Amino acid sequence: QVHLLESGGGSVQEGGSLTLSCAVSESKYLYYCMAWFRQTPGKERERVAALYSGSIPYYSAALKGRFSVSQDSSKNILSLHMTSLESEDSGTYYCARGDLGTSCSQLTSRDDRWTWGQGTQVTVSS
């Protein structure tokens with residue numbers, strides 16, 4: 001079973017930047033949807049970015065181009081670079097991998113075909 005381990009969270013002031021990393025225990029990356037989600041208390045888990053087999057990344061429209069997702073296949077790391085952070089970006093960020101051969105568009109946020117990391121906390125203060 002694959003394991004995902006997020007790192008890079010922390011506290012930052014509004015306008016600052018953070019890069020989150022997700023270490024994936026397997027070297028397989030083709031035909032897997034890799035995604036970043038975030039969750040705040042009382043809200044649904046929200047998909048913020050996703051990547052599938054080298055296709056054009058998906059980003060939540062709410063991000064307004066401030067985040068970028070990338071995959072270093074040689075190191076089995078998925079990254080999320082976040083800039084111009086706002087207090088609304090605070091939350092727990094999760095890395096997730098979908099089942100083999102399932103595109104990102106086929107997966108809902110509540111889908112049981114995701115494997116999740118434990119999350120990393122991001123706090124943006126004004």
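Reader: What should I keep in mind about the model and its numbering?
Author: This is a predicted model, in which local features need pLDDT of at least 70 and side-chain atom pairs count only at pLDDT 80 or more, while totals for chains, interfaces and linings use all residues. Residues are numbered from 1 along each chain as its sequence is written, and side-chain values use heavy atoms, with hydrogens and water left out.

Reader: Happy with that. Why is R66 called buried?
Author: Buried means under 20% relative accessible area, exposed means over 50%, and partly exposed is in between (1.4 Å probe, protein chains only). R66 has 10% relative accessibility, so R66 counts as buried. R66 is found in the loop between β6 (58-59) and β7 (67-72); strands here are DSSP runs of E with at least two residues, numbered from the N terminus.

Reader: What makes the pairing of R66 with D89 a polar contact?
Author: The term asks for a pair of N or O atoms within 3.5 Å; within protein, one must be able to donate a hydrogen and the other to accept it, and residues adjacent in sequence count only if both atoms are side-chain atoms. The side chains of R66 and D89 meet at 2.7 Å, within that limit of 3.5 Å. Contact in the wider sense means heavy atoms within 4.5 Å, and beyond the neighbours within four places in sequence, R66 has such contacts with H81, M82, T83, S84, L85, E86 and D89.

Reader: On to the aromatics. Why is the Y94 and W116 pair called edge-to-face?
Author: Rings of Phe, Tyr and Trp (its six-membered ring) pair if their centres lie within 6.5 Å; planes under 30 degrees apart count as stacked, over 60 as edge-to-face and the rest as tilted. The whole structure holds four aromatic pairs. In the one formed by Y94 and W116, the centres are 6.3 Å apart and the planes are at 85°, which makes the pair edge-to-face. This pair links distant parts of the chain, with Y94 in strand β9 (residues 91-98) and W116 in strand β10 (residues 114-116), 22 residues apart.

Reader: And how do you know that W114 and W116 are tilted?
Author: Their ring centres are 6.0 Å apart and their planes are at 50°, so the pair is tilted. W114 counts as buried because its relative accessibility is 6%, whereas W116, at 28%, counts as partly exposed. Together, F37, Y94, W114 and W116 form one aromatic cluster.

Reader: What makes R45 a charge over the ring of W116?
Author: NZ of Lys or CZ of Arg must be within 6 Å of the ring centre and within 35 degrees of the ring normal. The charged end of R45 sits over the W116 ring, 4.3 Å from its centre. R97 likewise lies over the face of Y32, at 3.6 Å from the ring centre.

Reader: Last one: how do you know that β3 and β8 pair?
Author: Two strands pair if DSSP finds at least two bridges between them. Six bridges join β3 (residues 18-24) to β8 (residues 77-82), and these strands run antiparallel. T19 has H81 in β8 as its bridge partner. Both strands belong to an open sheet of four strands in the order β1-β3-β8-β7, with antiparallel pairing. Its edge strands are β1 (4-7) and β7, each of which pairs on one side only.
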